Amino acid sequence: MTTFRHFLALTGALATVAVSSAADKITLTTTHDLGIARPAETIVIPWTDIISRLPGALPDHLTVRDAQGRLLPSQYTNFKPDVREGHVDDFLFQHDFAAGEKSASFTIEMTADPVPPFPSKTFARHVPERLDDFAWENDLVAHRMYGQALDSPAAGGSRMISSGIDVWSKRVGYPIVDRWYLKGHDNYHKDTGEGLDIYSVETTRGAGGTGVWDGGKLHVSHNWKTARVLANGPLRTVFELSYDAWDANGVKVTETKRFIVDAGRYLDEIQSTFTFTGAPEITVAVGLPKKTKARSFGSIPNEKSGWLAQWENYDPHGHIGTGLVLQPGGFAGFAQDERNHLILVKAKSGEPVRYFAGAAWDKAGGIKSGAAWEEYLNAWAQRLASPVKITFKTPN
């Protein structure tokens, strides 16, 4: 959890202690330095910061209200549910910063009764009934990755080795993963009003799959071997996929990918941790495919901000944008092989490579053009470089 906590400084919020209190509520102010809008900003507060100000607080007995008194959906996470005496990692909620809004205040208050669960906007699960798929979604987009059953005789003509990330294009805010799997494979390739699966990942990196780059060749894993869900909504879903060791030009490499899926975002945070011996570091490549069904334009790299974008034509079903944004300071160059455009990052054994990957579909109505998709990715890079700060204050 140490590396995850460290990254909260980049992706969520920096908690700054002002005053401790034994009151039944606390107020906090969030600030940032950008003039742009920051939709779906996730405010993440370590539970230790909550309990130090609200002694005796229970994570399911807390409400969050904004400055106008409106109740906001909230969530707590527990990545160690086997701890018998109880454990909480973080308490979180979201705020949409309008353009020019650089400050917002909130109140967290203890309640006598449990707070009922909020409607879930994020979801993930292993799908063993469909050849070990692992599928996830938020209110804007869905994805899946392939497990080992897809690389087995049971898969028949569909048998495939791929650790790329697939995209499902949805036009509704409610969860669709379970509904679409109930339709059967051929039927979720047809749009009956909720969206459809038109993206073709095949053996490319898809929307943000990884590999090891040796300077001329990309070495990739087989399908994921193990999966575990650490949190499942309503605002944030966290899960991990692990991969068997593979050979990367003489270096034996294993990988565990942690996905942090937040509501209201086209991009998921991915922390890929590679373990290896025999080399001080490796070059990790994160990719988008070259060869898909059709393309309006090719890969659009942005070296200054550390992102890579595509905008693909899937006529008559509209366009899909895919993109990658690296954490600040991680960029180590661009590359390509026969099937992928790649953005490169140096990695040490056991230290996660952190990046954001995702997709948008113009028929869903949010991102309607390639230019708008590039603008979104550029804004995301700015948000990572200028995180929101939190200051706690005791009410008078």
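Reply: Start here: Ala-335 stands opposite Leu-342 in strand 25. This is a predicted model, where local features need pLDDT of at least 70, side-chain atom pairs count only at pLDDT 80 or more, and totals for chains, interfaces and linings use all residues. Residues are numbered from 1 along each chain as its sequence is written, and side-chain values use heavy atoms, with hydrogens and water left out.

Me: What counts as a strand, and as a pair?

Reply: Strands are DSSP runs of E, at least two residues, numbered from the N terminus. Two of them pair if DSSP finds at least two bridges between them.

Me: New topic. Why is strand 12 largely enclosed?

Reply: Because five of its five residues (166-170) are buried. Buried means under 20% relative accessible area, with a 1.4 Å probe and protein chains only.

Me: Which way do the residues of strand 12 point?

Reply: Asp-166, Trp-168 and Lys-170 point one way, and Val-167 and Ser-169 the other.

Me: Which strands pair with strand 12?

Reply: Strand 11 (142-145) pairs with strand 12 over three bridges, antiparallel. There, His-143 has Val-167 as its bridge partner. Strand 13 (195-196) also pairs with strand 12 in the antiparallel sense, over two bridges.

Me: What about the largest nonpolar core?

Reply: That core has 32 residues, and Trp-136, Met-145 and Phe-239 are among those with the most contacts inside it. A nonpolar core is a set of buried Ala, Val, Leu, Ile, Met, Phe, Trp, Tyr and Cys residues joined through side-chain atoms within 4.5 Å.

Me: What does Trp-136 touch?

Reply: Its contacts (heavy atoms within 4.5 Å) include Phe-123, Met-145, Phe-239 and Asp-268, not counting residues up to four places away in sequence. A second, separate core of 21 residues includes Leu-54, Val-88, Phe-91 and Phe-97.

How values were computed:
Buried < 20%, exposed > 50% of the residue type's maximum accessible area, 1.4 Å probe, protein only. Helix = DSSP H or I, 4+ residues; strand = E, 2+ residues; numbered from the N terminus.
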